[in-house]
Each structure stands twice: as C-alpha cells, then as structure tokens.
Amino acid sequence: MSFQPPKGTDDIIAPESLLWRELLRSWDVWAERYGYPLVMTPLFEATDLFERGVGDETEVVSKQMYTFSDKGGRSLTLRPEGTAGVVRAFLDSGVKGAWKGSYSGPMFRYERPQAGRRRQFWQVGVEYLDAEGFAADAEVIELGFRFLGAVGVPGLQVLLNSLGDETCRPDYVELLRSYLDERRDKLCEDSTAAIGTNPLRVLDCKVCAPLLVDAPAMKDHLCRPCADHYGGVKSSLNRLEIPYVEDGRLVRGLDYYTRTAFEYIATDLEAAQNAVGGGGRYDGLAETIGGRRAPGVGFALGVDRIVLASNQQPETMIDVYVVSESGPADALVAASRLRQDGLRVALDTESRSVKAQFKEAARSNAPAVLVVSGDTGAVDIRLGEERAEVDIAEVSEWLEAHL
Ligand code: AMP
C-alpha cells in the first residue's frame with residue numbers, strides 16, 4: 001500500500017494551507033460586500049443535472065465526470081462545477097425575484113493533471129439569479145476583478161465576449177459552420193467532428209487557432225437586444241474603470257452561456273494555467289434543467305491557480321512562543337493562561353533544552369517570546385529588541401500595547 005493522495009489531488013498543509021485560509025477569508029469578505037451570502041449545495045448531484053445543464057456534448061460532461069451508482073441504483077456525479085447545483089437549489093427553494101448566492105468548495109473533473117490542473121480543485125463563485133439587466137453582468141465582473149486584484153493576482157486581464165441568444169445565435173452558427181466547412185480538411189479531428197454538432201466549440205480549439213483568425217465573431221452578428229445588452233456591459237465596465245479586451249473567440253467550455261461570456265487571465269503566468277476564472281450569463285439554464293425561466297449571471301474562480309499566481313507569503317500563525325526553563329508543565333500552564341486571553345500560543349511539550357526552545361521560537365516567526373521559570377507569576381517577555389518583566393496576568397495587555 002502506498003500512502004499518496006489519488007492522482008490529480010493534493011494534500012494542502014501549513015504553511016501553504018495558511019495562504020488558502022487567507023484567500024478564502026478574503027473571498028467571504030468580498031462576496032459579502034457585493035451582497036452575496038453563502039449558499040451550500042451537495043458535493044454530488046443527480047448525473048442528469050449536469051448532462052442537461054452543462055450539456056452532454058461538452059468535454060466536462062462527456063469525458064471528465066466522476067459518475068457512480070449508489071446502493072439504491074441512482075446515478076450520481078461528483079459536481080464538476082458549481083452553477084448547475086446552485087441554480088437547482090434556487091429553483092427548489094421557490095424564491096422569486098433577484099437572488100444572490102456565493103459558494104466555495106471542491107469540484108471534481110477527470111483531467112490530465114498538471115500544475116494548476118487538478119482532478120479535485122477548489123472554486124469560489126457567485127450566481128445572481130432572476131437578474132436580466134446588463135448592470136448585473138457588470139457588477140458580477142467587477143466583483144471578480146476587484147477580488148483577484150486584492151489578493152494579488154499579477155497582470156490581471158478581463159477577456160469579454162457576447163454569445164448572443166436563441167434569436168441571433170442560430171443564424172451565426174450557420175455562418176460559422178459554412179466558414180469552417182470551407183476549411184474542413186485543414187482542421188484537427190475533434191474540430192472537424194464538431195462542425196456538425198457544435199461549431200462554436202471549434203473556436204475554443206488551441207490547435208486550430210491559427211486557421212480561425214478571420215472567422216466570423218458572434219459579437220458582430222448580435223440581434224438588437226443582445227447588442228444593446230453587450231453595449232451596456234462594456235460602457236459600465238468603462239465607467240467602473242475595469243480594463244477588458246474583447247475576444248470574439250471566447251466561448252467557454254460549458255454549453256449554458258448566453259450573451260455575456262468572460263474570463264479572468266493572469267497574464268504573468270504560463271498560458272496553460274493562466275485562466276484564473278471565468279463566467280457569463282445563462283438565461284436558459286434554469287429551464288434546461290426543468291425549472292421556470294430564471295435568467296442569471298455568475299462566475300467561478302480557480303483557487304488552486306490563484307494561490308499559484310498570487311505568490312504571497314503566509315501570515316504568521318502565532319503571537320507568542322513560550323520558552324520554559326523549568327520544563328513543559330510550567331510552559332503549558334502559562335500558555336493556557338495566554339490562550340484564554342485570546343492570544344495564539346505555541347510551546348515545546350518534549351522537554352527540549354532551553355537553547356532548542358529558542359531555536360524553535362525563532363523558526364515559528366512568533367513576534368514575541370515569553371520565558372517562564374517555575375510557577376511564579378512573573379515572566380520575561382522579549383519582543384524584538386525590547387525586554388520586560390511582566391506579571392502573567394498582564395501579558396496580553398502588554399502585548400496589545402507593544403505589538
Ligand atoms: P470553469 O468552471 O471551467 O469555467 O473554470 C473556472 C475556473 O476554474 C478556471 O478559470 C480555472 O481557474 C479553474 N479550473 C477549472 N478546471 C480546473 C482544474 N481541473 N484544476 C484547477 N483549476 C481549474
């Protein structure tokens with residue numbers, strides 16, 4: 001038996017886990033600023049939800065799902081993404097009218113693992129439902145942009161496109177299909193197969209990209225309402241001073257998008273892992289999964305990639321290291337006292353030498369070291385160059401004044 005996590009999954013331990021915790025805390029703060037309370041849905045759902053919602057021709061559904069039968073014979077799937085589950089939960093709740101929810105948790109896709117591409121990965125995201133106006137899209141895009149900026153993603157760029165709707169997309173798809181048909185013998189095998197079933201998918205193909213530079217773009221063939229919506233999103237982003245680049249070939253890997261589609265790119269990272277998040281509008285999704293009409297917009301950000309991109313140092317985890325000259329029992333009692341006063345405290349429980357304890361204290365990065373000797377109330381505090389003898393009951397007050 002080998003003790004390793006399954007392929008494509010990771011153990012995240014300190015100090016890296018501290019970065020994750022900081023990031024996830026910061027996510028909660030930003031989500032709440034924009035009015036998105038937490039929504040928690042199951043890690044697995046009926047397989048049908050993803051087949052219908054995400055689309056059974058997408059790579060995610062056709063190749064990457066972890067699907068299994070439970071003991072009652074139901075076909076279930078570990079969620080490969082968050083939107084379908086949240087929209088299902090919203091419809092189930094019976095709530096009507098503008099509704100917002102934010103989520104945070106692991107997603108599962110059977111991918112070829114590499115840096116920033118895992119089989120279990122963490123996404124944070126938001127969904128804004130029963131919201132149709134362009135301002136909703138702009139607000140959602142802004143939230144992701146501000147959050148990614150605040151956590152230090154370097155070279156952040158927003159890519160933007162419109163995918164039209166059921167009125168204008170069919171004509172455009174035919175236009176694209178005939179463009180692709182003329183180049184059929186130069187396209188890769190997957191793209192050739194997609195011409196008949198889902199020509200939009202070809203726009204996403206990295207191999208065929210050089211052949212598609214002058215392919216017709218959906219954003220140039222929008223019907224009036226879609227063009228107005230797209231114009232509204234762009235002018236709002238301009239007014240919010242969010243830089244974006246229009247990308248007529250941005251289609252995203254999930255079939256449910258209508259109108260706005262966007263991606264956040266960390267341009268300083270390698271191309272294979274520089275997409276730190278993406279999203280868009282999905283006005284037809286609720287009906288596709290069997291509910292009423294509920295237009296919506298949202299995004300998902302990849303936390304694994306944000307951690308890779310943001311290159312931040314974890315904050316120190318403790319405030320005080322207790323060194324004891326008289327054994328661990330005295331250190332334990334002093335530490336307990338400080339912990340009950342709200343301080344974060346570490347100590348040596350293994351009766352190591354005083355010298356070894358000081359070494360450990362330095363390694364811990366604790367700003368303050370407390371030296372105890374016996375069970376007297378007076379302790380010796382060292383904080384940088386400063387030293388003081390203080391009663392144990394007054395340590396937390398003293399540190400508050402000096403830290
Ligand atoms: P998607 O749900 O495909 O729209 O992806 C949204 C974001 O999630 C991407 O931009 C990535 O940052 C992240 N992501 C998607 N798939 C993976 C994966 N297999 N491993 C790590 N991050 C991922």
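What distance separates the centres of domain 1 and domain 2, taken over C-alpha atoms? The separation is 47 Å. Domain 1 comprises 16–168 + 222–309, and domain 2 comprises 320–402; these bounds come from an automatic or database domain assignment. The model is predicted, with local features needing pLDDT of at least 70 and side-chain atom pairs counting only at pLDDT 80 or more, while totals for chains, interfaces and linings use all residues. Residues are numbered from 1 along each chain as its sequence is written, and side-chain values use heavy atoms, without hydrogens and water.

Helices here are DSSP runs (H or I, at least four residues), numbered from the N terminus. Helix α1 (residues 16–33) packs against helix α5 (residues 134–150) at an angle of about 145°, the axes lying 10 Å apart. Each axis is a line fitted to C-alpha atoms over the stretch in contact, and angles run from 0 to 180 degrees between N-to-C directions. On the α1 side, L23, S26, W27, W30 and A31 meet L143, R146, F147 and A150 of α5, contact meaning heavy atoms within 4.5 Å. These residues divide into 7 nonpolar, 1 polar and 1 charged.

The second largest pocket holds about 380 Å³ of space. A pocket is an open set of points on a 1 Å grid over the protein atoms alone, where a 1.4 Å probe fits, with protein on both sides within 12 Å along at least five of seven lines; lining residues have an atom within 4 Å of a point. Of its 20 lining residues, R169, L254, D255, Y256 and Y257 are the closest to the centre. Helix α2 (47–55) gives the most to this lining, with 3 residues.

Key: Helices (H or I, at least four residues) and strands (E, at least two) are DSSP runs, numbered from the N terminus. Ala, Val, Leu, Ile, Met, Phe, Trp, Tyr, Cys and Pro count as nonpolar, Asp, Glu, Lys and Arg as charged, and the others, Gly among them, as polar. Grid points are joined across faces, edges and corners, and a volume is the space filled by probe spheres set on the points.
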